[in-house]
Amino acid sequence: MGVTCISQELTCPISPARMFKALILDSRNLIPKLLPQFIKSVQVMEADGEAGSIEQVNFTEASHFKYVKHRIDELDIENFVCKYTMIEGDPLGDKLESIAYDVRFEAASDGEGCICKMTSKYHTIGEFEVKEEEIKSGKDSAMGIYKVVEAYLLENPRVYA
């Protein structure tokens, strides 16, 4: 089994606390509301949404995928950190065992907004090597979701305040 690691950062004018609440703590409610054309629902399958929980994201017919399951590995509310692992679903195909994500929201150095940092570790089956161009679509989708949430929070400054 091999591991390919990809990191990305996104700066935004929203505070780390608001982004964390929207994208992590309330994502199962907010994301289907903001992206109903792609996300049908997000369900907690096991536990209560805390570390150890399993969540399933169900996609609409417009998506190339039917669903994914994530296990929440760590949820640090005070430091705005979430670690979770995609453990099942169409994006894994027959070449990936799992994808582990480390998502952090840090205050921007100028005190305005935050820096969203995401590291993705692709755990492959056998000798398969993931190339960055092969995961570009997933990176683009993640950045698109961040931008939609950012726009929503800018338009609704009292939400998650």
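Helices (H or I, at least four residues) and strands (E, at least two) are DSSP runs, numbered from the N terminus. This model is predicted: local features need pLDDT of at least 70, side-chain atom pairs count only at pLDDT 80 or more, and totals for chains, interfaces and linings use all residues. Residues are numbered from 1 along each chain as its sequence is written, and side-chain values use heavy atoms, with hydrogens and water left out.

**Domain**
- The UniProt record, an unreviewed entry, lists residues 5-156 as "domain: Bet v I/Major latex protein". UniProt positions follow the numbering used here, feature names are shortened, and annotations may be inferred rather than shown by experiment.
- Residues 5-156 are 25% helix and 42% strand. The end C-alpha atoms of this stretch lie 35 Å apart.

**A loop residue: isoleucine 135**
- Isoleucine 135 sits in the loop between strand E7 (114-124) and helix H3 (136-155).
- Its relative accessible area is 8%, so isoleucine 135 is buried. Buried means under 20% relative accessible area, exposed means over 50%, and partly exposed is in between (1.4 Å probe, protein chains only).
- Isoleucine 135 touches Ile6, Tyr122 and Val130, not counting residues up to four places away in sequence. Contact means heavy atoms within 4.5 Å.
- Glycine 93 is 42 residues from isoleucine 135 in sequence and 13 Å away in space, C-alpha to C-alpha.

**Nonpolar core**
- The largest nonpolar core has 40 residues. Such a core is a set of buried Ala, Val, Leu, Ile, Met, Phe, Trp, Tyr and Cys residues joined through side-chain atoms within 4.5 Å.
- Met19, Val103, Phe105, Cys116, Tyr146, Val149 and Leu153 touch the most other members.
- Leucine 153 touches Ile14, Arg18, Met19, Ala22, Val159 and Tyr160, again leaving out residues up to four places away in sequence.

**Cysteines**
- The disulfide count is zero. A disulfide is a pair of cysteine sulfur atoms within 2.5 Å.
- Cysteine 116 is buried, at 3% relative accessible area.
- The sulfur of cysteine 5 is 16 Å from the closest cysteine sulfur, in cysteine 82. Cysteine 5 is partly exposed, at 45%.

**Aromatic rings**
- The whole structure holds five aromatic pairs. Rings of Phe, Tyr and Trp (its six-membered ring) pair if their centres lie within 6.5 Å; planes under 30 degrees apart count as stacked, over 60 as edge-to-face and the rest as tilted.
- Tyrosine 84 and tyrosine 101 are stacked, because their ring centres are 4.8 Å apart and their planes at 25°.
- Tyrosine 84 is in strand E5 (residues 81-89) and tyrosine 101 in strand E6 (residues 96-107), so the pair ties together parts 17 residues apart in sequence.
- Phe20, Phe80, Phe105 and Tyr146 form one aromatic cluster.

**Salt bridges**
- There are ten salt bridges. Each is a side-chain nitrogen of Lys or Arg within 4 Å of a carboxyl oxygen of Asp or Glu.
- Arginine 28 pairs with glutamate 55, with the closest N and O atoms 2.4 Å apart. This pair links distant parts of the chain: arginine 28 is in helix H2 (residues 27-34) and glutamate 55 in strand E3 (residues 54-59), 27 residues apart.
- Glutamate 55 is buried at 9%, whereas arginine 28 is partly exposed at 23%.
- Aspartate 102 and arginine 104 also meet in a salt bridge (2.9 Å, N to O). Salt bridges that share partners join Glu74, Lys83, Asp102 and Arg104 into one network.
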